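Here is a set of questions and answers for someone meeting this structure for the first time.

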Amino acid sequence: MIFIKVLVLYLITIAAMRLMGKSTIVQMTPYDLVAIIIVGTIASEPLISTEFWPTITALVILVGLHVLFSFLTLCQWGNKFFLGEPTLLIKNGEILEDNLEKSKISLIQLTSILRANGYPKISDVDYAMLEPIGEVSVIPKVENTPVTVQHLNLKIDDEGLPISVIVDGKIQKRNLHLLGKNRDWLLDRLASEGIQPKDIIFAYMTEKKKNLVISKREKA
């Protein structure tokens with residue numbers, strides 16, 4: 001009985017997290033963090049007591065509220081209330097000490113974040129901003145902006161997004177369909193090179209150029 005209870009709660013909790021959206025895990029906004037903590041607390045309750053259905057009801061209510069709050073953040077006042085606003089930490093290469101103190105970020109933390117972004121000197125940074133999701137965005141000064149292909153006036157062919165067509169020897173039919181190809185075409189292409197799908201650990205095709213790149217298994 002305990003195994004079934006744990007399994008059901010495990011699956012329901014995963015479903016709840018999926019319904020709450022991918023941003024709940026990736027961005028971890030304040031209301032996301034609170035929701036995750038409460039979900040974990042509620043889901044573990046039946047493992048200690050015998051109350052099962054009240055727990056399921058509580059999870060449904062919590063997920064419903066989280067989805068509602070997510071929609072509210074789409075409007076300006078809801079976004080400001082639930083997420084807050086960005087905070088400038090550096091402006092024109094100068095540290096804003098008051099904002100650092102309000103954000104509870106030490107100078108050591110800030111310089112560590114700048115170094116991690118490739119800017120060891122504060123004078124190289126034009127703006128540094130603490131985002132509502134807790135990350136620090138760093139905008140360098142114009143003279144410290146990384147050189148791009150556009151700056152050098154170079155023309156590079158865009159091959160498009162690389163899409164996997166074989167993963168661990170398994171043909172990805174859905175991805176082939178997205179590329180306008182099918183399984184028979186891929187098998188013919190592999191046969192012309194004397195290769196079978198089982199000999200391939202990974203293969204992908206570029207979306208625009210349709211270039212097929214194959215990584216064989218070591219044994220193959």
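Q: Why is Asn-175 called buried?
A: Its relative accessibility is 18%, and buried means under 20% relative accessible area, exposed over 50% and partly exposed in between, with a 1.4 Å probe and protein chains only, so Asn-175 counts as buried. The model is a predicted one, in which local features need pLDDT of at least 70, side-chain atom pairs count only at pLDDT 80 or more, and totals for chains, interfaces and linings use all residues. Residues are numbered from 1 along each chain as its sequence is written, and side-chain values use heavy atoms, with hydrogens and water left out.

Q: Where does Asn-175 lie, and what is Asn-175 in contact with, leaving aside its neighbours within four places in sequence?
A: Asn-175 belongs to helix α8, residues 173–178, where a helix is a DSSP run of H or I with at least four residues, a strand is a run of E with at least two, and both are numbered from the N terminus. With those neighbours set aside, Asn-175 is in contact (heavy atoms within 4.5 Å) with Ile-163 and Ser-164.

Q: Why is Val-149 called partly exposed?
A: The relative accessible area of Val-149 is 34%, so Val-149 is partly exposed. Val-149 is placed in the loop between β4 (136–140) and β5 (162–167).

Q: What makes β7 and β8 a pair of strands?
A: Two strands pair if DSSP finds at least two bridges between them, and five bridges join β7 (residues 200–206) to β8 (residues 212–216), so the two pair, running antiparallel. Within this pairing, Tyr-204 has Val-213 in β8 as its bridge partner.
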